[in-house]
Amino acid sequence: MASSLVVNRFAFFVFQETKKTLSKLHSSSLSASFRGCKSNYRFARNCSVSSADAFIVADDDKYGNKQIISVTPRLYDYMLCNIREPEILRQLREETAGMRGCQMQVSPDQAQLLAMLVQILGAKRCIEGYSSLAIALVLPESGCLVACERDGRSLEVAKKYYNQAGVSHKVNIKHGLAADSLKSLILNGESSSYDFAFVDAEKKMYQEYFELLLQLVRVGGVIVIDNVLWHGKVADPMVNDAKTDSIRNFNKNLMEDKRVNISMVPIGDGMTICRKL
């Protein structure tokens, strides 16, 4: 059986290796899960940004003056209109929008990508606030989601939507801190037994979480880290607060880390996808 863990405001999860299904790709189940769902987003009709402003050119001619998409509000609205977001996820997103810590919630486009990564890996169990529900919806019936959450109110909201979505039988919620939970898994002999991990917790703890996850994730497993672009602050030399510096240092360390292959993706607030070597 595979298993997963999520921690701190549903900000972290890992998926344990599934011996029987690890090599299978469920390429069609994601579209089947969302089939018939209609977008509830509207275009920003009064947006003053022209379509030409959606493109910028890399300053360094070493990149061949490559045109790069700059996601304007109008373009992002268009992207959201092409996201397959189930109604139950829309309801959860809207209910938690005013809650403390809601900024930690992944965007619909991020949730869809995470769900697809989980399916490609053939993982069986998972967790995370809004994204935990997105993933639980695409897990097989034998899948299991182990959640570690320190906020009681967030737990109650999560439980309600797990019940409404009919996935409660896949979810095992634990009340606790991420670092403590990860260390307990290692002490329990579960190193190198997980397929997938997602990190969106305390930014100054990213390096510690990553080191713990590297022990837990198997070779070939994937670790995804959220907020690596940090609202663009990481590229601004005038911004030097503790969180921004922590993320900058983490990104630099990850760039030089030979234990993983990496791909930084400019989706949401930036995510880096790491594959353990």
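Predicted model: local features only at pLDDT ≥ 70, side-chain atom pairs only at ≥ 80, totals over all residues.
Local features need pLDDT of at least 70 and side-chain atom pairs count only at pLDDT 80 or more, whereas totals for chains, interfaces and linings use all residues. Residues are numbered from 1 along each chain as its sequence is written, and side-chain values use heavy atoms, with hydrogens and water left out.

**Overall architecture**

- The chain has 9 helices and 10 strands; helices (H or I, at least four residues) and strands (E, at least two) are DSSP runs, numbered from the N terminus.
- Of the 277 residues in the chain, 50% are buried. Here buried means under 20% relative accessible area, exposed over 50%, and partly exposed in between (1.4 Å probe, protein chains only).
- Among contacts (heavy atoms within 4.5 Å) with a separation of 6 or more, 69% join residues 24 or more positions apart.

- Rings of Phe, Tyr and Trp (its six-membered ring) pair if their centres lie within 6.5 Å; planes under 30 degrees apart count as stacked, over 60 as edge-to-face and the rest as tilted.
- By this rule the count comes to 2 aromatic pairs. One of them is edge-to-face because the rings of Tyr206 and Phe250 have planes at 70°, with their centres 5.6 Å apart.
- This pair links distant parts of the chain, 44 residues apart: Tyr206 belongs to helix α8 (residues 206-216) and Phe250 to helix α9 (residues 242-255).
- Tyr206 is buried, with a relative accessible area of 2%, and Phe250 is buried at 3%.
- The rings of Phe210 and Phe250 have planes at 80° and centres 5.8 Å apart, so this pair is also edge-to-face. Phe210 in helix α8 and Phe250 in helix α9 are 40 residues apart, and the pair again links distant parts of the chain.
- Both Phe210 and Phe250 are buried.
- Through these ring pairs, Tyr206, Phe210 and Phe250 form a cluster.

**Helix α4**

- Helix α4 (residues 108-121) has 14 residues and reaches 20 Å from its first C-alpha to its last, close to the expected 20 Å. The expected span is 1.5 Å times one less than the number of residues.
- This helix is largely enclosed by the rest of the structure, because 10 of the 14 residues of α4 are buried.
- The buried positions in α4 include Pro108, Asp109, Leu114, Leu117, Val118 and Leu121.
- Gln112, also in helix α4, counts as partly exposed at 22% relative accessibility. Gln112 and Arg84 are 28 residues apart in sequence, and their C-alpha atoms are 7.5 Å apart in space.
- Just after α4, Gly122 takes a positive phi of about 75°.

**Second largest pocket**

- The second largest pocket has a volume of about 240 Å³. On a 1 Å grid over the protein atoms alone, a pocket is an open set of points where a 1.4 Å probe fits, with protein on both sides within 12 Å along at least five of seven lines. Grid points are joined across faces, edges and corners, and a volume is the space filled by probe spheres set on the points.
- Lining residues have an atom within 4 Å of a point; for this pocket they include Val71, Tyr76, Met79, Ser107, Asp109, Leu229 and Pro266.
- The lining divides into 6 nonpolar, 3 polar and 2 charged residues. Ala, Val, Leu, Ile, Met, Phe, Trp, Tyr, Cys and Pro count as nonpolar, Asp, Glu, Lys and Arg as charged, and the others, Gly among them, as polar.

**Loop residues**

- Asn227 is located in the loop between β8 (217-226) and α9. Asn227 has a positive phi of about 65° although it is not a glycine, and is buried with a relative accessible area of 7%.
- Trp230 lies in the loop between β8 and α9. Trp230 has a positive phi of about 45° although it is not a glycine, and counts as buried at 11% relative accessibility.
- Leu229, in the loop between β8 and α9, is partly exposed, with a relative accessible area of 28%. Leaving aside neighbours within four places in sequence, Leu229 is in contact with Val234, Met264, Pro266, Asp269 and Gly270.
- Leu229 and Met271 are 42 residues apart in sequence and 7.6 Å apart in space, C-alpha to C-alpha.
- Pro266, in the loop between β9 (260-265) and β10 (271-276), is exposed, with a relative accessible area of 67%. The C-alpha atoms of Pro266 and Val228 are separated by 8.9 Å, the two residues being 38 residues apart along the chain.
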